[in-house]
Amino acid sequence: MTTLYSEPAPDAAGDVPVRRISFTINGEKKTAEVEPRLLLAHLIRYGLRLTGTHTGCDTTNCGACTVLLDGKAVKSCTMLAVQTDGHDIQTVEGLATASELHPLQEGFREEHGLQCGFCTPGMMMAAKALLDRTPDPTEEDVRWALSGNLCRCTGYQNIVKSVLWAAAKLRSQATE
Amino acid sequence: MYPSRFRYEAPASLAEAIALLRDGGDYAKVLAGGQSLIPLMKLRFAAPELIVDINNVPGLDYHRTDPDGTFRIGALCRHADLEHSPHLAATQPTMAAAAPLIADPIVRNRGTLVGSLCHGDPQGDWASVVLSLDGSVIAEGRAGRRAIRIADFVTGPFENALLPDEVAVEAVIPPAVGRRAGGYLKLERRVGDFATVGVAVSVETAGEVVTKAGIALTGVGGSTIAATEAAASLAGRPLSDESIAQAASLAGAAARPRTDHRGSAEYKRHMVETFVRRILSRVDGAAERAA
């Protein structure tokens with residue numbers, strides 16, 4: 001069980017209220033004890049040591065911390081960890097299997113969809129939410145779906161290409 | 001960044017939520033989508049002692065039209081629910097135009113319309129939309145339910161008329177008397193930014209004649225502005241080049257824009273006029289005349 005009583009809090013003192021929560025992350029059932037003010041992004045990164053989820057702006061703008069909550073893209077810096085009790089979380093670590101990259105990851109490699117890579121996990125999770133719902137998106141659909149995710153390097157062109165590449169791969173896998 | 005310490009409760013019923021709020025007094029906040037509240041708490045602009053998370057309260061995620069035409073949006077109806085709703089697209093043109101323009105797609109998965117209204121951001125898009133439709137917020141507390149017109153609900157920047165033990169349970173749009181038309185246009189520097197200018201126009205028509213109109217402006221004053229004279233000028237006659245031009249000019253005059261990094265006051269006023277004209281020109285039947 002993961003225990004994360006508090007943020008690294010300079011004002012930590014007295015009785016810290018702790019809640020026990022159960023959730024699924026990348027298919028694995030987990031239990032954690034968390035302080036209510038713990039952010040989901042911090043539970044994922046510091047509590048579960050899944051550091052693929054990045055915190056960029058920490059102000060709900062950049063989308064680097066995007067994860068899927070019950071299949072929907074959410075900014076994990078803007079949710080309380082305690083709110084995931086009973087819910088399902090997917091992070092970028094859940095994309096690949098032991099032997100194979102996810103088509104989105106392949107797409108980002110094939111189309112050079114990243115430079116520094118900081119925004120990439122958020123981009124991939126936002127893209128996954130899109131492709132789960134819309135297997136055959138237009139370029140416009142992709143740009144729209146990723147409009148809550150900021151990239152400071154690429155100019156987005158190759159990110160969009162990467163997602164379209166993944167969509168095509170996933171469709172061809174589905175018809176095989 | 002992380003919020004100050006607080007007590008967290010996630011009741012499974014509205015009655016329980018109201019009881020918790022009563023005990024929490026002024027130091028309690030309701031958490032729905034959290035897309036404004038959590039950032040405020042992280043920045044320590046808000047430091048509630050008690051958070052009442054209503055996400056486990058069943059039956060609040062609806063949006064529906066009653067048999068009499070009243071449209072209701074529950075407190076847990078997310079922006080994305082509205083954005084992807086065929087029912088909204090078919091019945092509420094102003095709201096359907098605004099839904100995809102709220103924040104960004106990921107924030108829209110969590111954030112709620114009712115929460116936006118409660119947050120009372122002077123730059124909020126939904127306040128203008130609901131104001132143009134003469135909507136209300138339904139509050140439920142110990143003393144029962146009451147409807148608060150949106151014009152009275154937002155009492156100042158980030159302030160609303162809710163009593164400490166009240167939960168805003170839904171927003172209500174009154175039934176249209178005639179055929180409903182309208183739109184929302186927003187000028188923003190990038191997705192997710194506050195509106196440089198936002199304009200909501202809602203009209204109802206019977207035959208050619210406009211029977212009711214509402215116009216509200218975002219981002220061009222200290223708070224949402226109801227352009228009442230502009231709206232009144234449209235009522236009682238058909239839409240025409242002249243009536244549209246007059247409403248646009250009156251709406252521009254109602255704006256109180258300030259020059260800032262998003263644009264000059266003159267530019268913003270001009271955009272208010274342009275947006276009013278553009279929305280009204282797209283109302284069926286007016287398109288040819290105003291093109």
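Strands β12 (residues 197-206) and β13 (residues 209-218) of chain B pair in the antiparallel sense over nine bridges, where strands count as paired if DSSP finds at least two bridges between them. Helices (H or I, at least four residues) and strands (E, at least two) are DSSP runs, numbered from the N terminus. One of the bridges links B:Ala206 to its partner in β13(B), B:Val209. Both strands belong to an open sheet of four strands, with antiparallel pairing and the order β11-β12-β13-β14 in chain B. Its edge strands, each of which pairs on one side only, are β11 (179-187) and β14 (225-226) of chain B.

This is a predicted model, in which local features need pLDDT of at least 70 and side-chain atom pairs count only at pLDDT 80 or more, while totals for chains, interfaces and linings use all residues. Residues are numbered from 1 along each chain as its sequence is written, and chains are lettered from A and ligands numbered from 1 in the order in which they are written.

Two helices of chain B lie across this sheet. Helix α8 (residues 125-132) of chain B lies across β11, β12, β13 and β14 of chain B and runs at about 160° to β13(B), whereas helix α12 (residues 265-281) of chain B lies across β11, β12 and β13, at about 30° to β12(B). For such angles, axes are lines fitted to C-alpha atoms, for helices over the stretch in contact, and the angles run from 0 to 180 degrees between N-to-C directions.

## A three-stranded sheet in chain B

Chain B also has an open sheet of three strands with parallel pairing, in the order β1-β3-β2. Here β1 and β2 of chain B are the edge strands, each pairing on one side only, and the twist averages 20° from one strand to the next. Strands β1(B) and β3(B) run parallel and are joined by three bridges; in β3(B), B:Leu50 is the bridge partner of B:Arg7. Helix α1(B) lies across β1, β2 and β3 of chain B, and runs at about 170° to β3(B).

## Domains of chain B

Chain B is divided into domain 1 (7-53), domain 2 (63-173) and domain 3 (179-284), with bounds that come from an automatic or database domain assignment. The C-alpha centres of domain 1 and domain 2 of chain B lie 18 Å apart. Between these domains, 14 residues of domain 1 of chain B are in contact with 19 residues of domain 2 of chain B, contact meaning that the C-beta atoms of two residues, placed from the backbone, lie within 7 Å. On the side of domain 1 of chain B that touches domain 2 of chain B, the largest share, five residues, comes from α1(B).

## Where the chains meet

Between the chains, 22 residues of chain B are in contact with 25 residues of chain A. The elements that give two or more residues to the side of chain B that touches chain A are β1 (7-9), α2 (37-42), β3 (50-53) and α6 of chain B, and α6(B) gives the most, with five residues.

## An enclosed helix in chain A

Helix α3 (residues 120-133) of chain A has 14 residues and reaches 20 Å from its first C-alpha to its last, close to the 20 Å expected at 1.5 Å a residue; the expected span is 1.5 Å times one less than the number of residues. Because 12 of its 14 residues are buried, α3(A) is largely enclosed by the rest of the structure. A residue is buried if 20 or more other C-beta atoms lie within 10 Å of its own, with C-beta atoms placed from the backbone. The buried residues of α3(A) pack against β4 (66-69), β5 (72-75), α2 (103-110), α4 (139-145) and α5 (157-175) of chain A, together with α6 (105-110) of chain B.
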